[in-house]
Amino acid sequence: MEGPEAGGDSSPLDTSVPHIARVYDYWLGGKDNYAADRKAAEQVIATFPDVTVSVRAQRAFLGRAVHYLAAEAGIRQFLDIGTGLPSANNTHEVAQQVAPQTRIVYVDNDPVVLLHARALLTSTPEGGTIYVEADLRDTGKILDEAARILDFSQPVAIMLLGVLHCIPDEDDPADIVARLLAAVPPGSYLVIAHPASDVAVDQMATSMRNYNKQARDPVTARSHAQVSGFFAGLDLVEPGVVQLHRWRAGVGDLAADRELANYGAVGRKP
Ligand SMILES: C[S@@+](CC[C@H](N)C(=O)[O-])C[C@H]1O[C@@H](n2cnc3c(N)ncnc32)[C@H](O)[C@@H]1O
């Protein structure tokens, strides 16, 4: 177990503008947020009330995907980028419950996540977790730092949940995904959760436009086809790219006939 990295590439801490990590924390009912985050979060709720259902469903999807990878696919290494503030069922908690020797690298660029990173570093003695402060665009740094505890000759699950929508089209998110996938061997996996632009179309467009007026880093919802495009060259695990509450739902998950503007999928590198 190691402490958070000193220094790094986080954005400076400016609590006067909303930041997605803290807005998301507010929607989840957390306390690690500031007035500007709460205001922006409430404005989104006003135009898109399902957002609080959607973020909870995303955490549940994270838990099901990690459990699938650890228990059924035999994955023992995770690279979780855009980790978020510690919440219930963090990646290492779910994975190490199945296989205590699992190693997890957490990556985020929010200084507030860094402040709380100790809660992510409660690894089992047999396994390991580290926290790396980096921007998703800086794949070179992420892969270099991750190699401190991950063996890139063995399969790795790359987790990009609720973070690719923070990368605008002009920064080529598909190329970022491709660079990460190029660094991992066959048998590795990609997990994505991504807000949908083609479900609850008007509500999503309005709420995202309002959010982007206030936030420093704009967010972009994407269509089913665009999210599917991130999995180019991979074999999708059944049921493919779906509204994420429908991905291998179990007892206690949302009913399948509910519409949620949030896609989720898992793909395997052949
Ligand atoms: C909506 S939260 C998702 C948290 C978690 N992955 C989940 O699904 O529950 C998005 C996280 O991505 C981080 N993030 C946003 N843009 C990023 C970037 N360019 N590089 C690294 N992290 C980023 C934010 O700081 C935030 O913690």
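## S207 in helix 8

S207 sits in helix 8, which spans residues 201-214. The model is predicted. The relative accessible area of S207 is 3%. Buried means under 20%, so S207 counts as buried.

The side chain of S207 makes a polar contact with the backbone oxygen of M204, at 3.2 Å. Beyond its neighbours within four places in sequence, S207 is in contact with V44, T47 and F48.

## The shell around the ligand

## Polar contacts and burial of the ligand

Nitrogen atoms of the ligand feature in several pairs. G82 uses its backbone: a polar atom there is 2.6 Å from a nitrogen atom of the ligand. N109 uses its side chain, with a polar atom 3.3 Å from a ligand nitrogen. R137 also brings a polar side-chain atom to a ligand nitrogen, at 3.4 Å.

How much of the ligand's area does the protein bury? Taken alone, the ligand exposes 600 Å². The protein buries 97% of that.

Technical notes
Residues numbered from 1 in each chain as written. Predicted model: local features only at pLDDT ≥ 70, side-chain atom pairs only at ≥ 80, totals over all residues. Heavy atoms only, no water. Polar contact = N/O pair within 3.5 Å; in protein donor to acceptor, adjacent residues only side chain to side chain. Areas by Shrake-Rupley, 256 points an atom, 1.4 Å probe, with all protein chains shown as cover. Helix = DSSP H or I, 4+ residues; strand = E, 2+ residues; numbered from the N terminus. Buried < 20%, exposed > 50% of the residue type's maximum accessible area, 1.4 Å probe, protein only. Contact = heavy atoms within 4.5 Å.
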